[in-house]
Structures are given as structure tokens and as C-alpha cells.
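Hi there,

Here is the structure I promised to pass on to you. Please have a look at it, and then read my notes below.

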Amino acid sequence: MKEAVRVGIISLGCAKNLVDTEIMLGHLDRHGCEYVLEPGEADVIVINTCGFIGPAREESIETILETAELKKTGRLRRLVVAGCMVQRYREQLQANLPEVDAFIGLDELPKVIESTGLGSPTESETPIPTGPSRSLYDHLAPRHLATPSWTAYLKIAEGCDHTCSFCAIPSFRGAFRSRTEDDLVAEAERLAQAGVRELNLIAQDTSHYGRDRGETDGLPRLLRALNDVEQLHWIRVHYLYPNTVTGGLIDAMAELPKVVDYVDMPLQHADAAVLSRMLRGGSAESHLKLLQRFRNRMADPAMRTTLIVGFPGETDAEFDHLMDFVREVRFDHVGVFTYSHEEDTSAHRLKDDVPQDLMDERRAAVMELQAGIVNDRNRDRVGRTVEVLVEGEHPETEFLLTGRTAGQSQDVDGQVLINDGMGEPGSFVQVELTDAAGYDLVGRIVSGTDRSPETP
Ligand code: SF4
């Protein structure tokens with residue numbers, strides 16, 4: 001009998017890229033390949049790259065070069081590189097990485113079959129798509145979840161129509177295009193039937209959903225439709241953009257029982273002059289007003305943002321303004337990036353004048369401030385009983401379970417360490433919070449909830 005081809009997959013970058021990886025896995029499933037976790041055991045490895053900013057590209061290149069070594073030391077026969085970095089830099093990569101056997105851009109995901117040598121090579125005659133990505137997957141695309149079976153991302157749109165001056169994403173991910181509501185509900189239903197209880201909505205800008213079709217209430221309508229998908233328990237919305245958040249969206253997020261009180265809005269900065277140079281607009285005052293509107297409608301929403309320090313021309317005073325803003329909002333989760341001077345962006349014309357060590361210092365200062373805030377926020381929660389999604393045994397000790405509250409999204413936020421009680425992975429339980437440990441919470445299970453996977 002012919003031996004199955006063993007395939008290893010390395011997915012770099014964000015959750016949006018992970019969904020693309022899952023679609024490639026879905027195509028591979030149809031060809032009966034066998035997956036291996038250990039790269040040394042793979043015949044073929046597919047690396048889905050991130051091309052967003054310099055450090056992400058460096059990580060992608062290092063991963064490619066390290067993996068290519070397995071052609072000499074392991075059983076690797078083919079190395080395939082896919083994703084954002086290919087879409088953005090295909091020609092340079094082809095010229096400089098002879099160790100790579102095939103490149104797959106964002107619009108060619110099904111090509112993973114022929115690229116890995118599993119299918120007919122005829123498709124290789126199809127012209128290579130050039131320019132920004134234009135494709136949009138739908139619920140008919142095969143998808144093999146790489147997340148635990150109870151959680152999944154739902155990519156509601158592709159591309160971006162904003163022109164943030166630091167961001168190259170629209171130049172390769174293309175213009176914003178929304179999937180249809182029916183298509184998204186069909187995918188959500190299929191995921192729920194397969195056991196998914198927590199759905200995380202993602203896009204470059206989720207609150208823009210439907211605007212490419214002229215709809216201004218697209219996201220609230222979609223949320224109402226997804227709220228009716230029976231087996232779903234939590235729906236979390238990521239990546240809101242301040243200018244496209246409407247009163248109707250805030251109402252829907254606050255009112256719909258399955259949509260969790262989680263406000264993720266990448267604000268990037270809070271100083272009006274920096275925001276203007278970023279071509280985003282707004283100010284600390286407008287941000288505060290908007291976040292307060294969520295707080296007026298939700299009891300204690302978890303709030304997440306991402307920020308950029310060291311944008312060209314960022315003065316000490318502008319940075320201090322950002323620190324004051326972080327102090328005032330008291331976010332639950334903050335990600336901080338140092339500015340990356342990217343070609344294909346309008347900020348590339350500005351002088352990249354904040355030295356890297358000063359950017360690093362500013363990043364560390366925000367993170368230190370935020371660590372204290374999170375600690376205080378988590379301490380305030382001790383004594384409460386909250387719903388927790390159990391995720392399984394702690395990787396370092398069998399005496400702890402880990403889980404997440406509705407205010408903690410997977411991979412990016414903290415978690416709950418459960419030191420007393422039992423709960424099946426993927427089930428929802430009530431946990432009394434007994435302590436705070438840095439970014440994490442500690443608690444004990446006091447009871448199950450009605451809508452666990454076993455009792456839909
Ligand atoms: S909203 Fe701005 S930062 Fe986000 S993907 Fe679009 S252009 Fe880039």
C-alpha cells in the first residue's frame with residue numbers, strides 16, 4: 001500500500017492568517033494526507049507566513065531557513081511557503097529562497113494540493129494572481145480547525161478600506177469585502193454542529209462589515225442572526241474601528257445574550273496630533289467618550305486595545321498623553337507595538353526619527369503601567385462568581401485546570417487557573433474567583449452551567 005504523505009504545517013501571524021491555514025488544511029484533508037506535529041517527521045512542510053511588519057517578516061524568514069535545513073537532516077522533500085509575505089514579496093522571495101519548492105499567495109489557497117505534490121500539477125498552468133488579494137472564502141470552502149474543538153474564528157470580511165498611514169495591509173490584503181450574512185450563518189451553524197461553542201468574529205475592521213454593500217447596520221444584523229444559532233454559547237467580536245462603531249452596534253452587543261461584554265478596539269494612539277499623522281483621526285477625548293458609551297450599556301465589559309509607540313515625530317509630550325489615556329481608561333488587555341517603517345505606506349515618507357531604544361523604552365513603560373492596572377482590575381474581581389470555559393489541564397501541572405472568562409479571548413489575553421473542582425474541556429462552569437496572579441485569575445469551580453456541550 002502506498003504510504004500517506006506526512007505534512008507539517010507552521011502557521012505564523014494573526015488569527016486571520018490562521019483561518020487561511022485552516023482552509024489549506026481542509027484542502028489537504030480531502031487528499032488523505034497525514035499530519036505530523038514534529039517537523040523532523042514531515043515529508044512536506046507548509047509555512048503560512050506573516051508579512052505585516054519587519055519583525056514578523058524576520059520571524060517568517062528565520063522559520064523558512066531553519067525548516068529548510070530539514071531537507072539535509074530530516075525526511076523533508078518539499079517546502080511550501082504561503083500567505084501574506086508571499087502576496088507582498090513574491091518575486092523577491094522566489095529570487096532569494098531557492099530552498100523553497102512552491103509559493104502560494106492569498107488567492108491560491110487550494111493550490112496547496114499541487115504544491116505539496118499531493119494532486120495533479122495541471123493547476124500550475126493557471127496564471128499567478130498579481131496585485132492585492134481579491135478572493136473571499138465562503139462556507140463551502142473546506143476548513144479543518146486548528147483551534148480546540150469548542151472554539152473557532154469566523155472571518156467575516158477580507159481586506160481593508162482605511163488608509164492608516166503606518167499600515168501596508170490594504171496594499172496586499174486588498175479592498176474591504178464582506179461575506180454575506182447567509183454565508184456566515186451557514187458556516188456558524190456548521191461549526192456549532194461540529195461542537196464549537198465559542199465564536200470569535202474577526203476581520204481587519206469588523207465594524208465596517210456590510211459597508212462595502214452600502215449597509216451601515218451590517219454587524220448588528222449579523223450579530224442578531226448569529227445569536228440565533230442554537231448551540232453557540234459565546235460570540236466575541238474582535239477588531240472594532242472607532243469611526244464605524246454605531247449606537248446600533250453598541251445596543252446589539254449589549255443586548256444579545258450570547259454576545260459577550262468584550263470590547264476590542266485597536267486605537268493605536270490617543271494623542272490627536274499623532275492620530276492625525278496616522279490618518280486615523282480622533283483624540284483621547286473622542287476615544288474616552290466612545291469607550292464610555294460601551295461602559296454605560298454593559299455592566300463591566302472587558303476592554304482590549306493595541307497601541308503603537310514611536311510613530312514618526314512622537315514627542316515626549318505626545319507619548320505622555322498616551323500614558324495618561326491608558327491610566328484613565330484602565331483597559332483589561334493592551335498590546336503594544338513599536339513603530340515599523342514600512343514601504344507601501346504613506347508614513348514611509350515621514351522621517352523615522354524615534355530611535356529603536358526609545359521606542360523599546362516607551363513600550364516597556366506602557367506595559368509596566370498596564371501590568372499594574374490589570375493586577376488592580378483582577379483584584380477587584382476576586383470574590384465574584386463568573387462563567388468560565390474550561391480548556392483542560394495546565395501544561396505544567398496536573399493539579400490545575402485552565403479556562404477563560406468571557407472577557408479573556410484565546411491566545412491574546414490571560415486565563416483562569418482553576419485549583420479546585422473538575423470540569424470537562426469545552427464545558428462551561430461557574431468559578432468563584434479567589435485570587436489574582438498577574439494577568440491571570442485564580443478560582444474554584446462551584447457548579448456547572450445549563451448550556452455546557454453535554455446539555456445543549
Ligand atoms: S484599519 Fe488601519 S491598521 Fe487596520 S488593517 Fe486597515 S489600514 Fe491597517
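Strand β14 (residues 385–394) pairs with strand β17 (residues 428–437) in the antiparallel sense, over 5 bridges. Strands here are DSSP runs of E with at least two residues, helices are runs of H or I with at least four, and both are numbered from the N terminus. Two strands count as paired if DSSP finds at least two bridges between them.

Before I go on, two notes on the source. This is a predicted model, in which local features need pLDDT of at least 70 and side-chain atom pairs count only at pLDDT 80 or more, while totals for chains, interfaces and linings use all residues. Residues are numbered from 1 along each chain as its sequence is written.

β17 also runs antiparallel to strand β18 (residues 440–448), joined to it by 8 bridges, and here Asp 435 stands opposite Val 442. The two strands form a hairpin with 2 residues between them, and Gly 438 in the turn has a positive phi of about 65 degrees. On its other pairing, β18 runs parallel to strand β16 (residues 416–420) over 4 bridges, with Gly 443 as the bridge partner of Ile 418.

How do the strands close up, and in what order? 5 strands close into a barrel in the order β14-β15-β16-β18-β17, with mixed pairing. Neighbouring strands of this sheet are turned by 50 degrees against each other on average, direction ignored. Helix α13 (residues 356–381) lies across β17 and β18, at about 125 degrees to β17. For these angles, axes are lines fitted to C-alpha atoms (for helices over the stretch in contact), and values run from 0 to 180 degrees between N-to-C directions.

Gly 403 sits in strand β15 (residues 397–405). Gly 403 is buried because 25 other C-beta atoms lie within 10 Å; the cut-offs are 20 or more for buried, 12 or fewer for exposed, and partly exposed in between, with C-beta atoms placed from the backbone. Beyond its neighbours within four places in sequence, Gly 403 is in contact with Val 388, Leu 389, Val 390, Glu 391, Gln 415, Val 416 and Ile 418, where contact means C-beta atoms, placed from the backbone, within 7 Å. Gly 403 and Gly 392 are 11 residues apart in sequence and 7.1 Å apart in space, C-alpha to C-alpha.

Best wishes

Conventions. Contact = placed C-beta atoms within 7 Å.
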